[in-house]
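Work through the following exercises with the model at hand. Each task is followed by a solution that goes step by step.

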Amino acid sequence: MPDMYATQALTQLVPLAADELDKNKVTPGVLGFLVFAALAVGVWFLMKSMNRHMGRVNFEEAPDPTAEPAGTDGEAATSGPAKAKAKAPDRG
């Protein structure tokens, strides 16, 4: 019996359980509920921890040390869409 595989042991036990198993009333049972509840509590703790860590994140971007300081040249301070808006004539 020691060299019997687990699958063979299970196949020998299935006929014993088949006599009392009603195929119309199969449910996950207490073990299934406990596993699901443990997973739900684990997810709740993970989300709580994530919210705490996200609250500690500093979202302010540090200035780029290689960029030119703003305001040194009138043209360099505005670029892209802001530059185009600054040069557009006022039609008011």
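Buried means under 20% relative accessible area, exposed means over 50%, and partly exposed covers the values in between. The model used throughout is a predicted one.

**Exercise 1.** Classify Phe45 by its accessibility, and then describe the ring pairing in which Phe45 takes part.

Solution. Phe45 has a relative accessibility of 47%, so this residue counts as partly exposed. Turning to the rings, the structure holds one aromatic pair. The partners are Trp44 and Phe45, whose ring centres lie 5.0 Å apart and whose planes stand at 65 degrees. Planes over 60 degrees apart count as edge-to-face, and the pair of Trp44 and Phe45 is therefore edge-to-face.

**Exercise 2.** Find where Thr66 lies, and determine whether Thr66 is buried or exposed and what its side chain contacts.

Solution. Thr66 lies in the loop between helix 2 and helix 3. Its relative accessible area is 69%, so Thr66 is exposed. The side chain of Thr66 makes a polar contact, at 3.1 Å, with the side chain of Asp64.

**Exercise 3.** Summarise the fold elements, the surface and the confidence of the whole protein.

Solution. The protein has four helices and zero strands, and reading along the sequence gives the pattern α-α-α-α. Of its 92 residues, 0% count as buried, while the accessible surface comes to about 9100 Å², with 64% of that area belonging to carbon and sulfur atoms. The mean pLDDT is 74, and 55% of the residues score at least 70. Among the elements, helix 2 has the highest mean pLDDT (96), whereas helix 3 (residues 74-77) has the lowest (51). Where pLDDT is low, the predicted coordinates should not be read in detail.

Conventions
Residues are numbered from 1 along each chain as its sequence is written. This is a predicted model: local features need pLDDT of at least 70, side-chain atom pairs count only at pLDDT 80 or more; totals for chains, interfaces and linings use all residues. Side-chain values use heavy atoms; hydrogens and water are left out. Rings of Phe, Tyr and Trp (its six-membered ring) pair if their centres lie within 6.5 Å; planes under 30 degrees apart count as stacked, over 60 as edge-to-face and the rest as tilted. Buried means under 20% relative accessible area, exposed over 50%, partly exposed in between (1.4 Å probe, protein chains only). Helices (H or I, at least four residues) and strands (E, at least two) are DSSP runs, numbered from the N terminus. Accessible areas come from the Shrake-Rupley method with a 1.4 Å probe; for residues, only the protein chains shown count as cover. pLDDT is the predictor's confidence in each residue, from 0 to 100. A polar contact is a pair of N or O atoms within 3.5 Å; within protein, one must be able to donate a hydrogen and the other to accept it, and residues adjacent in sequence count only if both atoms are side-chain atoms.
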